[in-house]
Amino acid sequence: MNVSEQEQDIVIVGGGICGLATALALRRKGIKSMVLERSETLRAAGVGIIMQPNGWRALDQLGVAAKLRQTCTEIPSKKKKKKKKTQSKYICQERGITLFETVELMKALTEELPVESVYLGCRAVSILLDPLTSNPLLQLHDGTVIKAKIVIGCDGVNSIISNFVGVNSPKLFSRCSTRGFTYCEGGHSFGDKFRLYSSNDVTLGQLPVTDKLVYWFLTRVLTSQDLSDAKKDPTYITKASLEAIKGFLAEIVELVKNTEPNALYFTELRCRAPWDLGRAKFRKGTVVVAGDAMHAMCPFISQGGGASLEDALVLARCLSEKLKQATEGGGKRLVEEALDEYVRERRMRVFWLSLQTYFIGLAQDNTSKVKKALGIAGLILVFGDQRSHTEYDCGRL
Ligand SMILES: Cc1cc2nc3c(=O)[nH]c(=O)nc-3n(C[C@H](O)[C@H](O)[C@H](O)COP(=O)(O)OP(=O)(O)OC[C@H]3O[C@@H](n4cnc5c(N)ncnc54)[C@H](O)[C@@H]3O)c2cc1C
């Protein structure tokens, strides 16, 4: 951006799933916004994403579900358990979950937005409230200052906007995740079922996408080397993954071994504690947060992306209802009311999602029997139906 000072109505910081979905939801309501993305291209966080039925409901409302359905893979039905002749366990998932390449989701959202509304290579470095007008002032890396009426922070786990509104930083989790797509030239032998293998501290999920392409994800204990520069080296990522799955089925080991470096994605896991979500202020003035910037959670129930889509929809709905009245005066107060309404509607939903992932994290903890027992008890007592989070409907746009 080469303008030293700009005035804008709504600025969305971050062009990930949540930022793009929020811009699209606002657009569908006839409200213009500007998306600032620090990367030079729209990057997808991770190679593949599992979408649960609640996420699909939001995608339907955003008007992009039909397009996406053509590119995705449905995880087949039937709950069954089989005993394998290895130490690993094998579990099938239920119907209604789908997987697509994250880039397809980003593409579907971006295609519906005017090109001039997404600014790439624009990193927000700080934000404050104008002492005179109390409107947000957003400073970019190149010195540009944007005077906005509303700022929506969709800038992910390490969000500067959530720091500004006063949300605690997410904590580093004791496990990390690697995801990959493996192309099997001569076809693979995995059939069409989603499978989850676990052994000691390692969990590996595997899902065939086509008869030649397989998606997999692995969670294992985080080591000090994972926190060093080594994590950027695909050879290290593959080696550490293979080390973790020693003793797993030979075809699983081959799958991981044969993943191309550009189809591998390693990530540390960061999450906010459920009690933080229960009490945090997600709004300051007319600045608010959404997506991972609001509710970073571990990916055990594959809901971060779906919940981000729900945020986008609810936020646009609340804003559009109040902005209609704002033409009659009292603009800022009405905007703040809209943002509070959005926070109220989202708080308990993200609290329960986060609590469920928290219990799963405890249940997977092999370092303490007490924690493990607490996690299992929490899951049974509080979340009798482990899939009920997918039934949520965030309503119409
Ligand atoms: C291992 C793993 C597996 C997962 N699997 C699933 C799954 O199967 N299903 C699912 O629903 N969810 C899944 N998730 C969660 C999901 O990926 C996230 O919840 C989702 O990507 C959040 O979207 P977001 O837009 O809020 O954040 P992000 O996708 O992180 O996007 C934030 C964007 O903001 C930009 N940005 C950051 N700071 C600035 C700044 N200062 N200025 C400008 N731009 C900035 C970043 O470059 C980025 O593009 C998974 C997460 C992980 C870690």
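Is Arg 270 buried, partly exposed or exposed? Arg 270 is partly exposed, with a relative accessible area of 27%. Buried means under 20% relative accessible area, exposed over 50%, and partly exposed in between, with a 1.4 Å probe and protein chains only.

## Basis of the model

This is a predicted model, in which local features need pLDDT of at least 70 and side-chain atom pairs count only at pLDDT 80 or more, while totals for chains, interfaces and linings use all residues. Residues are numbered from 1 along each chain as its sequence is written, and side-chain values use heavy atoms, leaving out hydrogens and water.

## Overall form

The protein has twelve helices and 18 strands; helices (H or I, at least four residues) and strands (E, at least two) are DSSP runs, numbered from the N terminus. The radius of gyration is 21 Å, close to the 21 Å that the globule rule gives for 397 residues, so the protein is as compact as a globular protein of that length. This radius is taken over C-alpha atoms, and the rule is 2.2 Å times the number of residues to the power 0.38.

Along its principal axes, the C-alpha trace spans about 70 × 45 × 40 Å. Of the 397 residues, 53% count as buried.

## Surroundings of Arg 270

Arg 270 belongs to strand β16, which covers residues 264–271. Leaving aside residues up to four places away in sequence, Arg 270 touches Val 157, Asn 158, Pro 170, Lys 171, Leu 172, Ala 296 and Met 297. Contact means heavy atoms within 4.5 Å.

Pro 299 is 29 residues from Arg 270 in sequence, and their C-alpha atoms are 9.7 Å apart in space.
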